[in-house]
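Open the model in a viewer and keep the sequence panel beside it. The stops below say what to select and what is there.

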Amino acid sequence: MEISRRDLIRNAIAAGGLAAAATALPGVLRSSSASAAPGNTLQQTYTVGTPGAGGYRPVIAVAGEAHSVRSGLGVAAAPGRARQGLLAFVQLSDVHIVDAQSPLRLEWTDRLDDPSPLPATGLFSSSYRPGEMLTGQVADSMVRAINQIATGPVTGKPLALAIQTGDNSDNSQLNEVRWNIGILNGGTVRVDSGNLNKWEGVADSTVATYDAAYWHPHGNPAGKPVDRPRAEYGFPVVPGLLDAARRPFTAEGLDIPWYSVFGNHDGLVQGNFPTSTLQLNLLALGALKIISPPLGLNPGQLFDDLMSDPGALLTNLLGGALNTVVRAVQPDLNRRLLTRKQVVEQHFTMGGAPFGHGFTDTNRQKGTAYYSFDKGDFRFVVMDTVNPNGYADGSLDKTQFAWLTALLDASGDKIVMVFSHHTSDTMGNPLVVTGGNLEPRVTGGAVLDALLARPNVVAWINGHTHRNKITPRPRPSGGGLWEITTASHIDWPQQARIIEVADNGDGTLSIFTTMVDHSGPASAGAGTANAQQLAGLARELSANDWHAHLDGSGAPEDRNVELLVDHPLS
């Protein structure tokens, strides 16, 4: 099965530049009907339309993007080579299944980073999103898109697996972890907690706890002002949305095996606080939810507490509960916080393929979350970059780093791809002790140097930043690896990424990446009748989030691309 770059480009031009991967070449490329499957951004993708009142923008379908060639590692892009498809798989990242009614959701901290006279901490601008009650429906709609695509759009190889690169849950709660696994496995899922007869979060229109800083999809109650998202940003009223979000739905489940990677939101409360803090678990299981910021809160002190003593932070928050709006909620034991070992165990308890979703017996016994597995000539190496001592950025403990380097040294007969939640640039977290772990940390620069020292490592695939980004990482002696970072499901543009590898037959490999849009419709106008329609609304809400940094589209060279790299086994 061979593919020629000359033919690839010729056919892309003939198709108007929209189907660089749809060329009918011998045995490698898919048929045009298959390559046009919904969700494949080579043919169609989404952008925002003309703003309406308040600047609110609809989501519209537009022509897709062809693959562009990147040769940032010094590998020549000579035309006319015969190529063999080797592997195709899909990466999902930062799905963030949210229990939006949990007392441990500290939505009000979000406004500490809104424009104001107070100094911003820079840590809380993603503590609240207007569409966070729809994360389960978005995940299911992405699964449906992947199942429909089924094969790599360039090589025609069946998608061999999916790998979820962390922040699969949002708050390391049992219910969130189980919802995520259930959606990927398939079956009936209900993303609801506490009182199953009504909504108990910040988004409803209960008069006593109404806070105009949040979006209230059912509108403002009598005597209360229109909320800020509607008044300033043109957000719509969507009657019945909160009940629709809580309805059970039938998750389709992936048709392929899927593997799990541990992220900071899977191992830390709100992605920052050690789960070992007893007070945080008590708050998660409690009957009170703070709705508005405590009066007189000092953002600088909040930051200091976060970095030094999360327990003191919680004491300050709960102490301020007497000076703010608090609502009663129904306690729910399924909101309990999980340790890393318990999160790993859930992947075995809930079944699915493969058994444990990559995690091993060693992980179960030791409470670790790093492992490896092989697919033919490829070795997948999964790191756990979460620092259990707290803070959003990551690092490795020295024991894991020693495991990593020994494994890489034993992988000389494999093409190695490394997976983690954090990027190399967001692995600068040196914290020890604060979460009970005393082991020294190894940061991103040292990890990247270790990967570059092994020429059979061709890619490092990760997430965390919620932004599409592809970075060449050259070796001093020539060649290098590609760092492939993929956007989230919770922020715009809510995409996944197909990754394919082809042997060019001349001592080089081509890594093709193709973005995937979930199967939700373009606009909220489709309604709220089912999970896919709700996912379409969620995408529109993410496009209008007033935090500008939550646009994770990246540049064209970070999306549908061909990445050239030396073939380590040639």
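Helices, as the word is used here, are DSSP runs of at least four residues, numbered from the N terminus. The model is a predicted one.

**Stop 1: a salt bridge inside one helix**

Select Arg228 and Glu232. Their side chains form a salt bridge, with the closest N and O atoms 3.3 Å apart. Both residues belong to helix H5 and are four residues apart, so about one helical turn separates them. An α-helix has 3.6 residues a turn, so residues three or four places apart point the same way. Glu232 is partly exposed at 46% relative accessible area, and Arg228 is partly exposed at 22%.

**Stop 2**

Next select Asp374 and Lys414, whose side chains meet in a salt bridge at 4.0 Å, N to O. Asp374 lies in strand S14 (residues 371-375) and Lys414 in the loop between helix H13 (398-409) and strand S17 (415-419), so this pair ties together parts that are 40 residues apart in sequence.

Asp192 is in the loop between strand S7 (187-189) and helix H5 (228-233), and Arg246 is in helix H6 (residues 241-246), so the pair ties together parts that are 54 residues apart in sequence. Asp192 is buried at 7% relative accessibility, and Arg246 is buried as well, at 4% relative accessible area. The count for the model comes to 22 salt bridges.

**Stop 3: the sheet that contains S14**

Six strands form an open sheet of mixed pairing, in the order S14-S15-S17-S19-S21-S20. S14 and strand S20 (469-474) are the edge strands, each pairing on one side only. From one strand to the next the twist averages 20°.

Now show helix H13 with the sheet. H13 packs on the sheet and touches S14, S15, S17 and strand S19 (457-462). The direction of H13 makes about 175° with that of S15.

S14 and strand S15 (residues 378-382) run antiparallel and are joined by five bridges. Lys375 has Phe378 of S15 as its bridge partner.

**Stop 4: the nonpolar cores**

Which residues have the most contacts inside the largest nonpolar core? They are Phe89, Phe380, Met417 and Ile511, in a core of 57 residues. Leaving out residues up to four places away in sequence, Phe380 touches Leu87, Phe89, Leu161, Tyr371, Ser372, Phe373, Lys375, Met417 and Phe419. There is also a second, separate core of 36 residues, which includes Trp215, Ala244, Ile290 and Leu534.

**Stop 5: two crossing helices**

Helix H3 (residues 135-149) and helix H15 (residues 531-543) pack at about 110°, with 8 Å between their axes. H3 is therefore roughly perpendicular to H15. On the H3 side the contact is made by Gln137, Val138, Asp140, Ser141 and Arg144, and on the H15 side by Ala531, Gln532, Leu534, Ala535 and Ala538.

**Stop 6: helix H11 and strand S9**

Finish with helix H11 (residues 340-349). Its buried residues are Val343, Val344, Gln346, His347 and Phe348. They pack against helix H4 (174-185), strand S9 (258-261), helix H7 (264-267) and helix H12 (361-366). Just after H11, look at Gly351, where phi is positive at about 75°.

From there, select S9. Trp258 and Ser260 point one way from the strand and Tyr259 and Val261 the other way, and all are buried. S9 pairs in the parallel sense with strand S6 (residues 162-165), over four bridges. Val261 is the bridge partner of Thr165.

Note on methods. Residues numbered from 1 in each chain as written. Predicted model: local features only at pLDDT ≥ 70, side-chain atom pairs only at ≥ 80, totals over all residues. Heavy atoms only, no water. Core = buried A, V, L, I, M, F, W, Y, C linked by side-chain atoms within 4.5 Å. Buried < 20%, exposed > 50% of the residue type's maximum accessible area, 1.4 Å probe, protein only. Contact = heavy atoms within 4.5 Å. Pairing = 2+ DSSP bridges. Axes fitted to C-alpha atoms, helices over the stretch in contact; angles between N-to-C directions. Parallel < 35°, antiparallel > 145°, perpendicular 65-115°, else oblique.
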